[in-house]
Amino acid sequence: MAEILVLVDHADGVVRKPALELLTLARRIGEPAAVVLGAGAAAADIAAKAGEFGAAKVYVADGAEFADQLVVPKVDALAQIAKAADAAAVLVTSSGEGKEVAARVALRLGSGIITDAVDLEAGDGGPVATQSVFAASFQVKSRVSHGVPVITVKPNAVAPEAAPAAGAVENVTVAFTGNAATVVARTPRVSSGRPELTEAAIVVSGGRGVGAAEGFGVVEELADALGAAVGASRAAVDAGWYPHTNQVGQTGKQVSPQLYVAAGISGAIQHRAGMQTSKTIVAINKDPEAPIFELVDYGVVGDLFTVLPQLTAEVKARKG
């Protein structure tokens with residue numbers, strides 16, 4: 001069976017959830033083979049985790065270049081491995097860096113690329129990807145018609161499913177091109193204790209209706225009770241009420257959680273483009289005519305400062 005390469009995202013020696021989702025999808029279209037880059041001493045643990053989720057083979061490459069340079073070392077490694085293994089497809093997480101890596105790899109392989117897939121299935125002419133297009137108003141099915149398909153997949157596209165495989169490690173020596181921007185300094189991001197926004201299973205977002213930065217308190221309380229990430233509309237971040245890193249929308253981050261709660265968000269097309277593929281959508285808004293109610297699964301017409309505290313209390317009571 002042809003190998004499906006999966007670039008494994010990891011941080012602090014831990015495999016990130018989207019990588020496990022990619023391995024799950026890869027099993028549908030071929031034999032998963034994980035690619036672990038720059039993991040150092042954690043490579044063995046990461047390879048074992050990849051094997052637990054179906055990787056028959058794990059390609060491991062290490063070197064200071066992966067930490068000291070941006071993007072290009074990963075492209076060097078992934079392209080070289082894809083050529084040597086005669087891979088049938090390459091899967092990458094659909095993050096900002098992931099899409100840049102994928103685009104460069106596709107160029108080096110002379111192949112086509114599909115970005116932001118939300119599902120994958122086997123097809124006669126190669127993997128068939130499902131994408132949400134035109135601000136998630138339509139879904140289309142596409143496949144790469146030339147070269148090795150390079151596909152980026154959105155986080156939360158599928159629930160990770162374990163399927164133990166050999167996970168045989170093959171160490172790879174990479175010929176680095178050296179044409180990369182160099183990292184000169186790093187500043188650790190202060191952890192909020194909440195899940196990463198794009199990877200979270202539940203997202204609670206606030207919009208113009210919160211009224212001020214202090215209004216996000218009730219949003220955060222609900223998010224913490226649910227174990228959720230916190231998002232914000234463009235109107236809220238432009239007003240300075242919440243960091244731009246938490247913006248959900250066409251010009252912010254695109255999320256696809258199992259549950260999306262929109263509090264005080266009108267539902268402009270710019271915001272909908274970033275969250276419309278969520279599995280279940282709940283909206284709280286005082287305006288019964290708000291556009292957000294056109295796409296929700298459940299809607300509450302009411303004041304978010306009344307509804308959210310009650311919801312938070314109920315969640316805590318059921319947990320307790």
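Which residues in α2 are buried? The structure is a predicted model, so local features need pLDDT of at least 70 and side-chain atom pairs count only at pLDDT 80 or more, while totals for chains, interfaces and linings use all residues. Residues are numbered from 1 along each chain as its sequence is written, and side-chain values use heavy atoms, with hydrogens and water left out.

Back to α2: the buried ones are A43, I46, A47, A50 and G51, where buried means under 20% relative accessible area, exposed means over 50%, and partly exposed is in between (1.4 Å probe, protein chains only). They sit on the same side of α2, because they cover an arc of only 140 degrees around the axis; that arc is taken from the directions from the helix axis to the C-beta atoms. An α-helix has 3.6 residues a turn, so residues three or four places apart point the same way. As for what the buried residues of α2 pack against, the list is β2 (10-11), β3 (14-15), α1 (17-29), β4, β5 and β11. Just after α2, G54 takes a positive phi of about 110 degrees. Helices (H or I, at least four residues) and strands (E, at least two) are DSSP runs, numbered from the N terminus.

Now for the sheet. Nine strands make up an open, mixed sheet, in the order β9-β8-β7-β10-β6-β1-β4-β5-β11; two strands pair if DSSP finds at least two bridges between them. At the edges stand β9 (138-142) and β11 (168-171), and each has a single partner strand, so one side of each is left without a neighbour in the sheet. On average, neighbouring strands of this sheet are turned by 35 degrees against each other, direction ignored. Helix α2 (residues 43-52) packs on the sheet, touching β4 (31-37), β5 (57-61) and β11, and its direction makes about 155 degrees with that of β5. Contact here means heavy atoms within 4.5 Å, and axes are lines fitted to C-alpha atoms (for helices, over the stretch in contact), with angles running from 0 to 180 degrees between N-to-C directions. Helix α5 (residues 96-109) lies across β1 (3-7), β6 (89-93), β7 (113-121) and β10 (150-153), at about 170 degrees to β10.

Over at β9, five bridges join it to strand β8 (residues 128-133), and the two run antiparallel. Q131 stands opposite V140 in β9, and S132 has Q139 as its bridge partner there.

Strands β12 (residues 202-206) and β14 (residues 259-263) pair in the parallel sense over five bridges, with S205 opposite A262 in β14.

The axes of α6 (residues 216-226) and α9 (residues 304-319) come within 9 Å and cross at roughly 20 degrees.
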